[in-house]
Structure formats: C-alpha cells, structure tokens
Amino acid sequence: MTAAAISPVSSEARRALKIQREVTRLLSPLAFTLVALVLRYAYRYRVQGMAELRAAYRQVCEEHDGPRLICANHLTMIDSFIIAWALGSPWWYLRNFRTLPWNVPEASIFAATPLLRGLIYVLKCLPIRRGGDRREVAGVLSKLAYLISNGETALIFPEAGRSRSGRVDVAAAGTGVGRVYKAVPNCRVICVYLRGEGQETYSGVPRRGERFRGSVSVVEPKTDHTGIRGSRDIAQQILARLAEMERSYFDARQ
Amino acid sequence: MDKTEIFEKVVKILTPYVKNPDALASVTRETHILDDLKVNSARLVDVVLEFEDAFEIEIDDDDVDSVETVGNAVGLIESKLG
C-alpha cells in the first residue's frame, strides 16, 4: 500500500470543520428528520427491508468503531440523502452521530443558493465542483480524509459521476475514493447498493413512490500499485464489489 | 526526449479523449485540457495512466492536481523523466 497521497488540512480548515460538526450535531436531528419526512411522505419513497439494511449498517458500525467510508452506486442527484435515510433513523443518528455520513454533493446544484448552502451545511455536506479546479477537489478530499481519520463516516461514489449506463461501471472508476482510503489507516469500506424498482438508468431524482431495495457489504481493498494507479485500483476493487451486489439485486428481482 | 517530442506524444494520447476538435487543431502548451479540449474530468485518470505507460514513469496522486494545461502535463512528464 502506498503512503498517503493527500494534502494535509490546514488548521483554519480544521477549525471550520469542527464548527460545522458542532453546528450539525445541534441541527441535524431536525434537518435530517425533515429530509426523512420529505423522502417518505412528499416523494413517497419506500425501502423494502429497511430494518435489515439498518441492522446490517449498525452491525458494521459496532464491529468497527474507527474510520468508515461508505461507497455506493450512483443513479440520482439525491442518492446520498436516500442512502443515509435507508441506513439509519434520525433517532439512531442522534445517538450515533458519527455514523451519519458526510457527503460531497455537486456544488453547482446543492450550493447554488444561500438556502441550499445552509441546508447542506447542517446535513454534513462538503460541496464539491466535479470537473472543477483539481486542487479544490483535492482539498475537499483532504477534508474528508481528515474527518474520517477522526472517527467520522463519509459517503463517496467511486464512479466519477452517476452511472451513465444505469449499471455499475468498473471502468468508470475515479481516483478520489482511493486517495481518501490510502490516506486513512484502518479505514473500513462499507459498500452500499441501493436501487429502486423503476430505476432503469440514471436520472435527476427517483420517481415518486419509488420502492428501493439494497444491501450492505464490507470490502478490504488492497493494491501493490502506487500513485494514481494504486488509487484507481482501489476504486475498481470497490466498484467490482458493487457490481457483484448489483448482480445479486437483479437476480433477486427476477 | 525533448519538450517537443513530449508535447507531440501528449497530444497524441489526449486526442481520443478530446470533445472539441477545433481546440485540438490549434493546440498549444497553454491549451486547457478540461476547459478548452473538453476532456471529461472523469476520464483524466485514464489519460494520466496512459502517460505513465507511454513514458514509463510513475505519477503521484498529488501530481495530477497541478495538471490543467497541456504544458502542465508536458512539464510534469519532463520532471519525471529527469
């Protein structure tokens, strides 16, 4: 395994993250409850086997009280909120605050207005501009690595964007997840596959009334490669596991 | 290998990923890989891995953050070749 290849977080950024974490701790129970209510009652989403999914996530968190990185398939712009809702109740997150994952939503969408910026701030989000300045992107990855090094949980989509084919694409692996993973010793990677019955391909948001089903699996990526090739290798191993979970999903659906 | 050779090889590697052929036709060291050539940012890693193979070098994660223009890529490769 290569040495960490991610820039250190400045003391100023660390202070800002600590403030955000404390603000989030105070306000996220309300904010996340609102999100859960919107998903459940406005969008009328359902997660089949939600109790089992939450139990599986709870078990992984209990078995590993260290850095956790959730890696998931990516079909819509609100996946991170649906996944957080599917994995835990607002009450459970309140009692296990570190298991509520930090997210990196697209800044051009989720940080477009002051209201949205405020909302995602209290929902443990660090907006990122995909395809933007590489150093800014790297800065956000550094913050994520810093947070999970300190016992927090983060959610990253290893494909560099939503699955354009509608299926997990191992070849589309980015390097962000690998960089974060390499930078955090003893990091546990939790793969989450979640998909709605009507989700044939990627979209903005899932259709109203969508019924999701999902699974949770732990993977331990290892690579002999260094540098960017190593980061890519790690991302591809994670995506290979997500692709397996996808096959199981469709096998079960038939 | 001199800068001109590296530049030509870099452009050749970039070509299949370029979405803006007009910019490619007038490519210079100042040409921005993402903004001008419209290379998909998600595919930048493939480009960099091809650099590694073509020039038999190893590129660190941090190195990629500084590659914005064709000239940046040429400079990085030149530094790796020593």
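Let me begin with a convention: angles between axes under 35 degrees count as roughly parallel, over 145 as roughly antiparallel, 65 to 115 as roughly perpendicular, and the rest as oblique. The axes themselves are lines fitted to C-alpha atoms, for helices over the stretch in contact, and the angles run from 0 to 180 degrees between N-to-C directions.

This is a predicted model, in which local features need pLDDT of at least 70 and side-chain atom pairs count only at pLDDT 80 or more, while totals for chains, interfaces and linings use all residues. Residues are numbered from 1 along each chain as its sequence is written, and chains are lettered from A and ligands numbered from 1 in the order in which they are written.

I turn to chain A as a whole. Chain A holds nine helices and five strands, where helices (H or I, at least four residues) and strands (E, at least two) are DSSP runs numbered from the N terminus. For its 254 residues, a compact globule would have a radius of gyration near 18 Å, and the 17 Å of chain A agrees with that; the radius is taken over C-alpha atoms, and the globule rule is 2.2 Å times the number of residues to the power 0.38.

Next, the helix pair. The axes of H1(A), residues 11-42, and H3(A), residues 79-87, come within 10 Å and cross at roughly 95°. The two helices are therefore roughly perpendicular to each other. H1(A) contributes Val35(A), Ala36(A) and Leu39(A) to the contact, and H3(A) contributes Phe81(A), Ile82(A) and Trp85(A); two residues are in contact if their C-beta atoms, placed from the backbone, lie within 7 Å.

What of the interior? Buried residues, those with 20 or more other C-beta atoms within 10 Å of their own, make up 44% of chain A. The largest nonpolar core has 66 residues, and Ile82(A), Leu144(A) and Val180(A) are among those with the most contacts inside it. Such a core is a set of buried Ala, Val, Leu, Ile, Met, Phe, Trp, Tyr and Cys residues joined through C-beta atoms within 7 Å. Beyond its neighbours within four places in sequence, Leu144(A) touches Trp102(A), Val104(A), Leu126(A), Ala154(A) and Val180(A).

Finally, helix H8(A), residues 176-183: eight of its eight residues are buried, so the helix is largely enclosed by the rest of the structure. Val180(A) is one of these buried residues. Their packing partners include strand S2 (68-72) and helix H7 (134-149) of chain A, together with helix H4 (61-65) of chain B.

Key. Buried ≥ 20, exposed ≤ 12 C-beta atoms within 10 Å, placed from the backbone.
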